[in-house]
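Reader: I am new to this structure and would like to learn how to read it. Could we go through it feature by feature?

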Amino acid sequence: MSEAQELDQLRQQIDALDQQIQLLINERAKCAQQVAEVKYKYAEPGSLVTFYRPEREAQVLLNVMARNEGPLPNESIARVFREIMSQCLALEEPLTIAYLGPHGTFTQQAAVKHFGHAVTCAGQVSIADVFREVESGSAQYGVVPVENSTEGVVTHTLDSFYDSNLYICGEVTLRIHHHMLVKSLTDNVQRIYSHAQSLGQCRLWLDQNFPNVERIAVSSNAEAARRASSEVGAAAIAGEAAAELYELEVRNANIEDRPDNTTRFLIIGKQETIPSGDDKTSIMVSSRNQPGALYNVLAPFHEAGVSLTRIETRPDHSGTWNYLFFIDFEGHKNDQRISPLMQRLRDVAVDFKWLGSYPKAVL
Ligand SMILES: O=C(O)C(=O)C[C@]1(C(=O)O)C=C[C@@H](O)C=C1
């Protein structure tokens, strides 16, 4: 057989498989439409119907990975299903997702990674605006950065929870690769723009390679890229999406100081998420500035054998030097082991706020 004949045979197989896959995907989409009808039917009169179910999506993706036999790697096949679910959900309800913009930010990438491409992403100028858009109902969900493995916590996000009634209903993590971007590779770099967090994530590299060049913090990496595209002598530190959007050249790739540089983002919305089986809970607890304050907050976790995944301290807005702790831990507030723990924390804390229980990031 010739090459052309062999290819033709294999391509016929691929066409036949594609036909089956297409039929099956549409069968699945019809099922999702029926799911939507059931959700309508059983919704409380006058209440919002919640079509997006983060716990179910996490289970679907985990099932896909558990039964995967390759040759596609787990993550690749899960991404395909991520996209199929995104399209199915869009048939149930078209979603608008507010994210920390502008177009081309890592937060937008995180929004697409979590919700797939069938949603409308609405870029906002600040984290407070993301919260406002979701509170007002202009967007059903929001995506905000909360911590970076190199630079630590995003305080604006934590602080926004003080006054907000939104819940955390999911999380997504993104490996962050930064590049030094320029309009032309022959240009002399005189200024480097980036978001303060990104400048921090590339500090050592900048110290070694551009020790005497001014570093200017701007509102986002995408804004940095926009400036690099329009100012002579300007460079930006930003990701691939911003490079493509502003047609910049990559002068130096992957300049982050730590190769495992990862940012964690939160999905915020008005709904409470039911247990998925592998969840996290986030709370905000304040206690008095007195001996043993932190011990009193942490002892119940130790006694219940519950692992903390993160603890942050922030100044308390009451202004009296009380401590305010943001704590993430394993489990869902409705888990048998967790609900008595939540009650104990309510008893020992001056203030206690449950921010959400949600499935751990899958992808
Ligand atoms: O199971 C549901 O509740 C569905 O709406 C179906 C489906 C899916 O495509 O699998 C779609 C959207 C939800 O967020 C979760 C899952």
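Author: Let us begin with the word helix: helices here are DSSP runs of H or I with at least four residues, numbered from the N terminus. The model we are reading is a predicted one, and in it Ile 25 lies in helix 1, which covers residues 3-42.

Reader: How many helices and strands are there in the chain?

Author: The chain holds 12 helices and 15 strands, and its C-alpha trace spans about 80 × 65 × 40 Å along the principal axes.

Reader: Is Ile 25 buried, partly exposed or exposed?

Author: Buried means under 20% relative accessible area and exposed means over 50%, with partly exposed in between. Ile 25 has a relative accessible area of 33%, so it counts as partly exposed. Together with Leu 17 and Ile 21, Ile 25 forms a nonpolar patch on the surface, and the three have about 250 Å² of accessible area together.

Reader: What share of the residues of the chain counts as buried?

Author: Of the 363 residues, 46% count as buried, while the chain exposes about 18,800 Å², of which carbon and sulfur atoms supply 50%.

Reader: Where is the place of Asn 334?

Author: Asn 334 sits in the loop between strand 14 (323-330) and helix 12 (338-348). Its relative accessibility is 48%, which falls between the two cut-offs, and therefore Asn 334 is partly exposed. From Asn 334 to Ala 111 there are 223 residues in sequence and 27 Å in space, taken C-alpha to C-alpha.

Technical notes: Residues are numbered from 1 along each chain as its sequence is written. This is a predicted model: local features need pLDDT of at least 70, side-chain atom pairs count only at pLDDT 80 or more; totals for chains, interfaces and linings use all residues. Side-chain values use heavy atoms; hydrogens and water are left out. Patches are made of residues with over 30% relative accessible area and no salt bridge: like charges are joined within 9 Å, nonpolar side chains (Val, Leu, Ile, Met, Phe, Trp, Tyr) within 5 Å. Accessible areas come from the Shrake-Rupley method with a 1.4 Å probe; for residues, only the protein chains shown count as cover. A salt bridge is a side-chain nitrogen of Lys or Arg within 4 Å of a carboxyl oxygen of Asp or Glu. Helices (H or I, at least four residues) and strands (E, at least two) are DSSP runs, numbered from the N terminus. Buried means under 20% relative accessible area, exposed over 50%, partly exposed in between (1.4 Å probe, protein chains only).
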